[in-house]
Amino acid sequence: MKKGTLLSVLTGLVLTVQSGAVLPVQTAAAGEIAHDASRNVQEEGVGNPFHFGERMAPENTPVDELRAINHKMTVQQVKYALYKEIDEHWDLITVRFGQTEREKVYALFLGVGTLESTLGGNGDGADIETAFSEGFGVSSAHAYGTLQTAVTAFRDPGTSFMQEEDVPELEWYDLTKNNFYDAIISNHMGVRKIIHFIRQAMVDYNLTGWQVVRGALKGHNTGWANFTSDDDGYYKNYPDEGAALAQWYYEEGHLYDNVFTWTKGEVAAKQRAGNPWEDWWYDREPSLEEITEKPKTTESTTTTTATTTTTTTLTEYTESTTTEDSSEIGPAVLPGDVDTNGQVQVADAVLLARYLAEDKVTVTAQGKLNADLDGTDGLSADDLGALLRKLAGLA
């Protein structure tokens, strides 16, 4: 079986298996969050609790299978996929956006995601495509994913499109179907595209303060970050609406759950009544100062202390080594705890599925021992099946 096919099948199992009981996906209740709530999010970000890689699936995965994976994402997973990109490039984003509060940036991208796709709450996960009737890559409005990133964000989209080559700090992916339809890369390119328009707003149109980010959101949707007039209804319907929605997610505590709203939703009437840019967003001046990007880190495990859970109680937990052949690694400390964070949860099944599909994730030596649930040497789909049954309370 091809890697892409295997990944699609395994991920589908992890996200949708029902065997008399729904799997306890960490997002069952609106108030539950996937990351360790004791983390200092401002300093560390949320980590990567769903173990997203630099791609949603291997690069050669057939597009229909890739889109099927994206389609299965929950609202919470869609949110955390956005946060992954923000966390990886926080040093750049905080300077370009002029915002030092990380959760406000999270919220702003939820606002944009609501404007463009309602964060997967429409039943499509991150699998949203528009303006494709003329064929792939023909229309500048051809857009995909949570942020509806247009083909113009990619390198070499065609001679009729302007190249957005002024964000050297971020990877610039070529316009291929496998890049375009990968939800993780689409998010990355959406972030890159908005930063391109932040630069345009400052350099080409001399905007300052919160008008820079406001103009950049306008540019993300129209292609031009220029200021027209505060009476322009376009601002009310796109950038200002996005900021009001962002403020709602932030103030009402919906950054980390499965809750979403719709554009113009009445739930955000209070935020919409004022000026969210002046009342809530504004922090300091956006800047184009040179940034030296830190190496990318995709965190797969963060907890290193004893933890208890309603699924399994761990009385003693010692941080496992990352050395693959360490002689100090003993038998399974907690069967099913693939990410060795002291808990057995759906994130472990996701990690194991991706490991089996050779999707560029790391499982420590201890994690492999914990994952070997069928008692045979090596890891296989049988171990994943056993873990899924365990999570469903059937083993």
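**Helix packing and local backbone features**

Helices (H or I, at least four residues) and strands (E, at least two) are DSSP runs, numbered from the N terminus. The model is predicted, so that local features need pLDDT of at least 70 and side-chain atom pairs count only at pLDDT 80 or more, while totals for chains, interfaces and linings use all residues. Residues are numbered from 1 along each chain as its sequence is written, and side-chain values use heavy atoms, with hydrogens and water left out.

Helix α11 spans residues 239–251; its 13 residues reach 18 Å from the first C-alpha to the last, close to the 18 Å expected at 1.5 Å a residue. The expected span is 1.5 Å times one less than the number of residues. Eleven of the 13 residues of α11 are buried, and the helix is mostly covered. Buried denotes under 20% relative accessible area, exposed over 50%, and partly exposed in between (1.4 Å probe, protein chains only). The buried residues of α11 are P239, D240, E241, G242, A243, A244, L245, A246, Q247, W248 and Y249. Their cover includes α4, α6, α9 (210–222), α10 (233–237), α12 (269–273) and α13 (276–281).

Helix α9 also has 13 residues, and from its first C-alpha to its last it reaches 18 Å, close to the 18 Å expected at 1.5 Å a residue. Eleven of the 13 residues of α9 are buried, so this helix is largely enclosed by the rest of the structure. Those buried are W210, Q211, V212, V213, R214, G215, A216, L217, K218, G219 and H220. Among the elements covering them are α5, α6, α8 (183–203), α10, α11 and α13. G223 follows α9 and has a positive phi, near 100 degrees.

Helices α5 (residues 90–97) and α6 (residues 102–116) pack at an angle of about 80 degrees, and their axes are 11 Å apart. Axes are lines fitted to C-alpha atoms, for helices over the stretch in contact, and angles run from 0 to 180 degrees between N-to-C directions. The angle therefore makes α5 roughly perpendicular to α6, a class covering 65 to 115 degrees. In this pair, W90, I93 and F97 of α5 meet R102, V105, L108 and F109 of α6, where contact means heavy atoms within 4.5 Å. The residues of this contact comprise six nonpolar, no polar and one charged. In this division, Ala, Val, Leu, Ile, Met, Phe, Trp, Tyr, Cys and Pro count as nonpolar, Asp, Glu, Lys and Arg as charged, and the others, Gly among them, as polar.

Q76 is located in helix α4 (residues 75–88). With 0% relative accessibility, Q76 counts as buried. Its side chain reaches the backbone oxygen of Y256 at 2.7 Å.

Q148, in the loop between β2 (143–144) and β3 (149–150), has a positive phi of about 50 degrees and counts as buried at 6% relative accessibility. D156, in the loop between β3 and α7 (177–180), has a positive phi of about 55 degrees and counts as exposed at 56% relative accessibility.

S380 is found in the loop between α15 (365–371) and α16 (381–391) and is partly exposed, with a relative accessible area of 25%. Leaving aside neighbours within four places in sequence, S380 is in contact with L356 and D374. S380 and A357 are 23 residues apart in sequence and 10.0 Å apart in space, C-alpha to C-alpha.

Notes:
Parallel < 35°, antiparallel > 145°, perpendicular 65-115°, else oblique. Polar contact = N/O pair within 3.5 Å; in protein donor to acceptor, adjacent residues only side chain to side chain.
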